[in-house]
Amino acid sequence: MKLTLERKPFGDFWMNCMLNQAFSIAQSVHPSYRDAAYLNLYRYFRWEAATDREFRYPTIDSLYYLSDTEWEKFPLTGVIRRIVPMHFRDESRMLDEIRDVLRSGRNLSLNVDLFGWLPDSMAWQKFHWYHYSLFNGFDEEKGVFYVIDDTLAGYGEHEVPEERVREAFAQSEYKLDPGYAGPACYVYELQPDIVPFELRLEEVAAHADRLSQELEAFGMDGMWRVDEAEGEKREQQLTYGLVGINIIVNRQEANAGLLERLRLKKLLEDELLDELDEQLGRIREGWAALKQRFADGSFRRERDAELAERLLARERELWSRLAAEA
């Protein structure tokens with residue numbers, strides 16, 4: 001038997017594994033939710049490396065998703081009723097349990113070790129990194145599952161053999177870390193009636209004001225302390241920094257898409273949008289340059305942390321201007 005839920009990967013830009021899969025489901029159910037991904041519903045925060053707790057780097061996350069207290073503020077609640085943590089009743093039958101969830105019309109996201117998950121991914125046969133991968137269907141005759149996930153080629157659907165599913169789960173954070181508090185998997189339950197998403201200027205302006213205030217207090221102190229000596233530790237730290245910057249670069253691409261949508265919907269004057277576009281262009285160029293320095297190993301902390309501070313200040317000015325003019 002072959003089954004697919006026919007969710008289309010949301011590949012416009014990268015957020016994180018849980019968010020890209022949630023937007024993949026939402027936009028597949030109702031196209032209006034593609035606009036929801038561009039809403040400036042995010043924050044900057046300091047993250048610590050999974051294998052090096054003393055190494056911290058800046059990145060971006062969206063607000064409200066997976067929040068027990070503020071989930072109702074997340075725009076995808078018009079499509080996704082809830083994201084339910086799940087544990088397998090019998091792990092020896094985990095593949096059957098996954099197929100049962102998919103047969104019920106619900107997507108499932110499994111905790112896996114990326115070291116042996118998808119060829120041509122950043123971690124393949126290099127790093128034991130953990131995340132949740134979205135299952136979109138299966139083919140029992142071929143002995144494969146269809147998953148939506150990211151590789152160096154982008155975000156798309158991949159065919160994964162059953163044995164690799166077992167192995168990646170057996171090496172997952174859920175299985176190996178006694179202190180891990182997350183579930184084996186998450187199950188997405190949809191609303192019985194879908195409410196279309198509408199991008200509203202009032203909401204964009206409110207988040208612009210919030211971002212301008214948060215960026216006032218956000219800085220690079222204590223971050224990107226990359227080992228100066230060439231070696232494995234430096235390489236891993238540069239990779240972690242690159243992962244964080246990649247999300248920032250993608251968010252700035254999304255910000256350009258947000259301004260474009262405000263223009264198409266005639267929610268702001270063209271003259272103001274032209275000015276914001278120009279300012280955003282400089283921000284995007286700066287983060288792209290920093291991404292390249294992490295990628296090619298030419299990173300120098302004093303120089304590049306100073307550039308990051310300037311880019312954060314420019315973004316604060318951008319959101320402050322939008323909030324004041326909206």
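**View A. Two cavities of 30 Å³ or more are present in the structure**. The coordinates shown in this and the following views belong to a predicted model.

View B. Strand β3 (52-62) and helix α7 each provide at least two of the lining residues. The greatest contribution to this lining, three residues, comes from β3. Classified by residue type, the lining of the largest cavity comprises seven nonpolar, two polar and two charged residues.

**View C. The second largest cavity holds about 60 Å³ of space**. Lining this cavity are Met 15, Phe 23, Ala 36, Ala 37, Leu 39, Leu 41, Tyr 42, Ser 62, Phe 74, Pro 75 and Arg 251. Nine of the residues lining the second largest cavity are nonpolar, one is polar and one is charged.

**View D. Helix α7 (residues 232-264) packs against helix α8 (residues 270-296)**. The two helices meet at an angle of about 165°, and their axes lie 9 Å apart. Because angles over 145 degrees count as roughly antiparallel, α7 is therefore roughly antiparallel to α8. The crossing of α7 past α8 is left-handed. The contact between α7 and α8 contains 17 nonpolar, four polar and seven charged residues.

Notes. Residues numbered from 1 in each chain as written. Predicted model: local features only at pLDDT ≥ 70, side-chain atom pairs only at ≥ 80, totals over all residues. Heavy atoms only, no water. Axes fitted to C-alpha atoms, helices over the stretch in contact; angles between N-to-C directions. Helix = DSSP H or I, 4+ residues; strand = E, 2+ residues; numbered from the N terminus. Parallel < 35°, antiparallel > 145°, perpendicular 65-115°, else oblique. Left-handed = near helix turned anticlockwise from the far one by under 90°. Nonpolar A, V, L, I, M, F, W, Y, C, P; charged D, E, K, R; others polar. 1 Å grid on protein atoms, 1.4 Å probe; cavity = no way out; pocket = protein on both sides within 12 Å on 5 of 7 lines; lining within 4 Å. Points joined across faces, edges and corners; volume = space filled by probe spheres on them.
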